Amino acid sequence: MRTFLGKEKPRESFQEWLVTWLKWEQIDNGFNLSIIGTDIGKGIVPTDEGARRYRDLVGWCFQDVARQANRVDVIWYGLNEQLK
């Protein structure tokens, strides 16, 4: 099996981290998990296979976060749009 970012299954590894973070949030009512990411999916698709795989992986991880989130906001050029 090919590895990516040092992991055989990087998306599954990210999902394990996400579950850990969400469990931390549930420990106390005052805890609030906020994840801030940078979108790398806009623009020209890279010709390099590794760069394309990285771009896809980041997008899938953002989808996993959004699926679990109570609220999702996109900020583009300083303008906020609440998606969820």
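**Close-up 1. In this predicted model, α1 passes α2 in a right-handed crossing.** Pro-10, Arg-11, Phe-14, Gln-15, Leu-18 and Leu-22 form the α1 side of the contact, while α2 contributes Leu-57, Trp-60, Cys-61, Asp-64, Val-65, Arg-67 and Gln-68. Sorted by class, the residues in the contact of α1 with α2 comprise eight nonpolar, two polar and three charged ones. The two helices, α1 and α2, pack with their axes 10 Å apart and at an angle of about 30 degrees. Because angles under 35 degrees count as roughly parallel, α1 is described as roughly parallel to α2.

**Close-up 2. The largest pocket of the predicted model has a volume of about 980 Å³.** Its lining is made up of 25 residues, and those that lie nearest the centre of the pocket are Ile-35, Ile-36, Gly-37, Val-72 and Asp-73. At least two residues of this lining are supplied by each of α1 (10–27), α2 (49–68) and β1 (73–76). When the lining of the largest pocket is divided by class, 14 residues are nonpolar, six are polar and five are charged.

**Close-up 3. Arg-71 lies in the loop between α2 and β1.** Leaving aside residues up to four places away in sequence, Arg-71 touches Asn-80, Gln-82 and Lys-84. Arg-71 can also be viewed together with Ser-34, from which Arg-71 is separated by 37 residues in sequence and by 9.7 Å in space, taken from C-alpha to C-alpha.

Conventions. Residues numbered from 1 in each chain as written. Predicted model: local features only at pLDDT ≥ 70, side-chain atom pairs only at ≥ 80, totals over all residues. Heavy atoms only, no water. 1 Å grid on protein atoms, 1.4 Å probe; cavity = no way out; pocket = protein on both sides within 12 Å on 5 of 7 lines; lining within 4 Å. Points joined across faces, edges and corners; volume = space filled by probe spheres on them. Helix = DSSP H or I, 4+ residues; strand = E, 2+ residues; numbered from the N terminus. Nonpolar A, V, L, I, M, F, W, Y, C, P; charged D, E, K, R; others polar. Axes fitted to C-alpha atoms, helices over the stretch in contact; angles between N-to-C directions. Parallel < 35°, antiparallel > 145°, perpendicular 65-115°, else oblique. Left-handed = near helix turned anticlockwise from the far one by under 90°. Contact = heavy atoms within 4.5 Å.
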